[in-house]
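Subject: Structure handover

Hello,

Here is the structure for you to look through. Please open it first, then read my notes beside it.

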Amino acid sequence: MAPMKEINTQDEWEAHVGSLPKTSLLIIFFHAPWAAPCAQMAAVLNTLAEDYSKPDAPATSWVAINAEELSEISEMYDVTAVPYLVLQRDDQVIETVSGSNAAQVRKAIETHAPKQAPPTVNGNAPTTIAAEVIPEKEEESPEEDLNKRLTGLVSAAPVMLFMKGTPSAPQCGFSRQMVNILRERSVKYGFFNILADDDVRQGLKKFADWPTYPQLWVSGELVGGLDIVKEELESDPDFFKKFSVPKEEGVAAA
């Protein structure tokens, strides 16, 4: 089934899941409209979905869910960051992928919905026309890969909060105070629960040259921790003014 279908209500979700054959692989894409990595991942998934729409492809179903609008479904799958991908078959989660690593997403989908090998002719594979060989890019080191991810994370929303826990359940007093500051000023922000990903938790300290949490980033630049944010507001009460909107809690970016 392709292309990707946007699920807009809980009832629509339940009806869709209930209509699927038990053998179908359900690919669930959780996203948020403000997170730039989600747009990139949507393009990747739409391309893959089209590829799986061919008659001889394995049975798959592709759905997209706004993690903010359908929070009950997000909570059911423990979504703490977007983009977030869930692979499910017969109501059982078989794999999840957090973040915007296209190669990892493709590998996960093709592992659980392998495509058939091309048919052979008289015991031989079909003849193909030679194509120009493009040298493969050198694989990035784990640190380079993490730094690339962190670069995307800190810019995932105009205001990004890296905190312990979530806005609805902060896991430290400093994070709770930072959330209160943002809420009191109706700031639209993204957040990332650093307790859910130790690579980000440790890597961001070095990346930002800032050893503690919470960390607040604005327009891809580090503002600092709670004390620095308070100092900024003391010197400029309108520091968050251009980011203020009607109160609405964010969903994390990955």
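Let me start with strand β6. Strand β6 covers residues 159-163 and is mostly covered: five of its five residues are buried. Buried means under 20% relative accessible area, exposed means over 50%, and partly exposed is in between (1.4 Å probe, protein chains only). Strands (E, at least two residues) and helices (H or I, at least four) are DSSP runs, numbered from the N terminus.

Two notes on the source before we go on. This is a predicted model, in which local features need pLDDT of at least 70 and side-chain atom pairs count only at pLDDT 80 or more, while totals for chains, interfaces and linings use all residues. Residues are numbered from 1 along each chain as its sequence is written, and side-chain values use heavy atoms, with hydrogens and water left out.

**The sheet around β6**

In a regular strand the side chains alternate between the two faces of the sheet. In β6, V159, L161 and M163 point one way. M160 and F162 point the other way, and all are buried.

Which strands pair with β6? One is β10 (residues 215-218), antiparallel to β6 over four bridges. Another is β9 (residues 190-193), which runs parallel to β6 and is joined to β6 by four bridges. Two strands pair if DSSP finds at least two bridges between them.

L161 has L216 in β10 as its bridge partner. F162 stands opposite Q215 in β10. F162 also stands opposite F192 in β9.

The whole open sheet has four strands, in the order β9-β6-β10-β11, with mixed pairing. The edge strands are β9 and β11 (221-224), and each pairs on one side only. Neighbouring strands here are turned by 25° against each other on average, direction ignored.

Two helices touch this sheet. Helix α6 (residues 173-184) packs on the sheet and touches β6, β10 and β11. The direction of α6 makes about 160° with that of β6. Helix α7 (residues 198-208) lies across β6, β9, β10 and β11, at about 60° to β10. Contact means heavy atoms within 4.5 Å. Axes are lines fitted to C-alpha atoms, for helices over the stretch in contact, and angles run from 0 to 180 degrees between N-to-C directions.

**The five-stranded sheet**

Another open sheet has five strands, in the order β1-β3-β2-β4-β5, again with mixed pairing.

Strand β4 (residues 84-89) pairs with β5 in the antiparallel sense over six bridges. Q88 stands opposite V93 in β5. V86 has T96 in β5 as its bridge partner. β4 and β5 form a hairpin with two residues between them. D90 in the turn has a positive phi of about 55°.

Helix α1 (residues 10-19) lies across β1, β2 (25-31), β3 (60-66) and β4. α1 runs at about 130° to β1.

**A helix pair**

The axes of helix α2 (residues 36-51) and helix α4 (residues 102-112) come within 11 Å and cross at roughly 30°. M41, V44, L45 and L48 of α2 make the contact with A102, V105, R106 and I109 of α4.

**Aromatic rings**

Rings of Phe, Tyr and Trp (its six-membered ring) pair if their centres lie within 6.5 Å; planes under 30 degrees apart count as stacked, over 60 as edge-to-face and the rest as tilted. By this rule the count comes to seven aromatic pairs.

One of them is Y52 with W62: the centres are 5.8 Å apart and the planes are at 50°, so the pair is tilted. Y52 lies in the loop between α2 and β3, and W62 lies in strand β3, 10 residues apart. Y52 is buried, at 2% relative accessible area. W62 is buried too, at 0%.

F239 and F240 have ring centres 5.0 Å apart and planes at 75°, so this pair is edge-to-face. F239 is partly exposed, at 21%, whereas F240 is buried, at 2%.

Finally, ring pairs link W13, F30, Y77 and Y84 into a cluster.

Best wishes
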